[in-house]
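I opened this entry to note what I looked up, beginning with the ligand and then turning to the protein as a whole.

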Amino acid sequence: MDFRPGRHFLQIPGPSPVPDRVLRAMNRAVVDHRGPEFAELGLNVLRDIKPVFGTKNHVIIFPSSGTGAWEAALVNTLSSGDKVLMFETGQFASLWLELAGKLGIEVDFVEGDWRSGVNADQVEEKLRADINHTYKAICIVHNETSTGVTSNVPNVRAAMDAARHPALLMVDTISSLGSVPYHHDAWGVDVTVSGSQKGLMLPPGLGFNAISNKALQVSKSNGLARSYWDWQAMIANNESGYFPYTPATNLLYGLQESLTMLSEEGLDKVFSRHDRMAEATRRAVQAWGLEVLCNNPDEYSSVLTGVMMPDGVDADEVRKVILDNFDMSLGTGLGKMKGRIFRIGHLGEINELTLIGALAGVEMGLSLADVPHQKGGVAQAMSYLTATVVG
Ligand SMILES: *Cc1c(COP(=O)(O)O)cnc(C)c1O
C-alpha cells in the first residue's frame with residue numbers, strides 16, 4: 001500500500017472510529033483477571049453499562065462479536081423446535097433467521113422490502129392469529145445497519161400487549177446502542193443484544209445481553225445446550241466483578257473509558273448529535289438528486305444513511321474511487337442491496353467537521369466516478385449545520 005497522509009476516514013456503519021482516549025485507555029499491561037484490580041474494573045463496567053441499555057437488571061458482557069451475543073440470546077431462552085417470529089428488515093434480520101435455523105429453531109419470517117422497518121400492525125395481526133401461543137419469541141433488529149432504517153420498538157411492544165401474547169421480545173441493538181435512544185426496561189424488552197464496535201466506539205470484540213427478569217426465569221428451565229454462553233455462570237461470577245472465563249480485559253478498560261465519554265457528553269446530547277449528522281447527510285443526498293434507501297421518514301436512521309445509485313451505476317465502483325482517491329471507506333451494499341447502494345456511517349466519534357469532510361469525499365467521488373448528480377450537497381449540509389449550531 002502507498003503511504004497515505006493524514007487519517008483514514010472510516011465512514012462505515014461499524015466498526016466506527018475509536019477515539020484516542022479509548023485507544024489510550026486500552027494501551028496498558030494486561031492485568032490478572034482473578035486479581036483485586038480487575039474486580040474493580042469489572043464492577044464498574046457492569047454497573048455503568050446499565051444506563052446505556054436503560055435497565056436496572058443484568059447486562060452480560062461476552063468476549064465475542066455481536067453475532068455471538070445473538071446466539072447467546074437464543075440458546076439461553078429457546079428450546080429445539082420452538083417457534084419464533086422475525087421480520088425481514090434487511091441483511092442483519094436475514095442473518096438472525098439463518099442463525100436460528102442452524103440452532104433448530106423454527107422461524108416464521110415475514111418478508112419485507114428492505115426500505116422500511118417492522119410493521120407493528122403486522123405484528124399484532126400475526127400474534128392475534130396465534131391463539132395457541134406457539135411463538136416463543138419475537139426477534140427484531142432495532143437499527144437495520146444494512147439499510148439505514150430504525151424500527152419503532154415501543155410500537156412492537158404495544159402490539160404484543162394489545163394481542164395479549166406472552167412471547168419474549170428480543171431486540172438487536174448492535175448498531176443503535178449509544179447512538180439512538182433505547183430503553184430496555186421501559187420498552188418491555190426481554191433480551192437486548194449488542195456489540196462494542198458501533199455506538200460504543202470500541203474495537204470489535206465485546207457482545208452484550210441485557211436481560212429482563214422474565215427472560216432470566218425462562219432461561220432457568222428452557223434453552224438449548226450451552227456452556228460458553230450460559231447466563232447463570234456469568235451472573236454468579238459478575239456478582240463480585242469477575243467472569244467465569246478470561247474476559248477481554250483490555251477491551252473492558254476501553255469500555256470504561258467510552259462509558260465515561262458518553263456520560264461526560266450526556267446521552268441526550270449524544271443522541272441529538274446523531275440526529276443532526278443524519279439530517280445534514282440526508283440534505284446532502286437530496287441536493288445531489290440521489291435517493292435515500294429508507295422510504296419512511298419516521299424510520300430514518302440517525303446511525304447511517306443508505307444512498308441509492310442511479311440505474312446502471314455500480315455503488316461498489318463509486319466506493320472504490322472514493323477509497324483510492326480520498327482514503328475514505330464507505331459501507332458496501334449488503335445482500336440484496338449489493339452494488340445498488342453505499343452506506344455513509346455517521347455514528348460514534350463524529351462531529352460537524354468530520355461529517356463535512358466525509359460528505360465532501362462523497363461529492364468529489366460522485367464527480368470522479370461520473371455518477372449523474374447535482375453539485376451542492378455539501379453546501380446544503382453546511383447550511384443545515386450552521387442553522388442548528390448547538391452553541
Ligand atoms: C454489525 C451488526 C451485526 C453483526 O455484528 P458482528 O459483531 O459482526 O457479529 C448484527 N446486527 C446488526 C444490526 C449490526 O449492525
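I began with T67, which has a polar side-chain atom 2.4 Å from an oxygen atom of the ligand. The model is a predicted one, and I read each distance here as computed from it.

I then checked T145 and found one of its polar side-chain atoms 2.4 Å from a ligand oxygen atom. For K198, the distance from a polar side-chain atom to an oxygen atom of the ligand is 2.6 Å. I also looked up the area: the ligand taken alone exposes 380 Å², and the protein buries 86% of that.

Next I listed the shell. I counted 13 residues around the ligand, and D172 and Q197 are among the closest. By class, I have 4 nonpolar, 7 polar and 2 charged residues in this shell.

I moved on to the whole protein. I noted 14 helices and 14 strands. Its radius of gyration is 21 Å, close to the 21 Å from the globule rule for 391 residues, so I put the protein down as being as compact as a globular protein of that length. Along the principal axes, I have the C-alpha atoms filling a box of roughly 60 × 55 × 40 Å.

Of the 391 residues, 56% count as buried. The protein exposes about 16100 Å², and I noted that carbon and sulfur atoms supply 52% of it. For contacts between residues at least 6 apart in sequence, I have 74% joining residues at least 24 apart.

Notes:
Residues are numbered from 1 along each chain as its sequence is written. This is a predicted model: local features need pLDDT of at least 70, side-chain atom pairs count only at pLDDT 80 or more; totals for chains, interfaces and linings use all residues. Side-chain values use heavy atoms; hydrogens and water are left out. A residue is near a molecule or strand if one of its heavy atoms lies within 4 Å of it. A polar contact is a pair of N or O atoms within 3.5 Å; within protein, one must be able to donate a hydrogen and the other to accept it, and residues adjacent in sequence count only if both atoms are side-chain atoms. Accessible areas come from the Shrake-Rupley method with a 1.4 Å probe; for residues, only the protein chains shown count as cover. Ala, Val, Leu, Ile, Met, Phe, Trp, Tyr, Cys and Pro count as nonpolar, Asp, Glu, Lys and Arg as charged, and the others, Gly among them, as polar. Helices (H or I, at least four residues) and strands (E, at least two) are DSSP runs, numbered from the N terminus. The radius of gyration is taken over C-alpha atoms; the globule rule is 2.2 Å times the number of residues to the power 0.38. Buried means under 20% relative accessible area, exposed over 50%, partly exposed in between (1.4 Å probe, protein chains only). Contact means heavy atoms within 4.5 Å.
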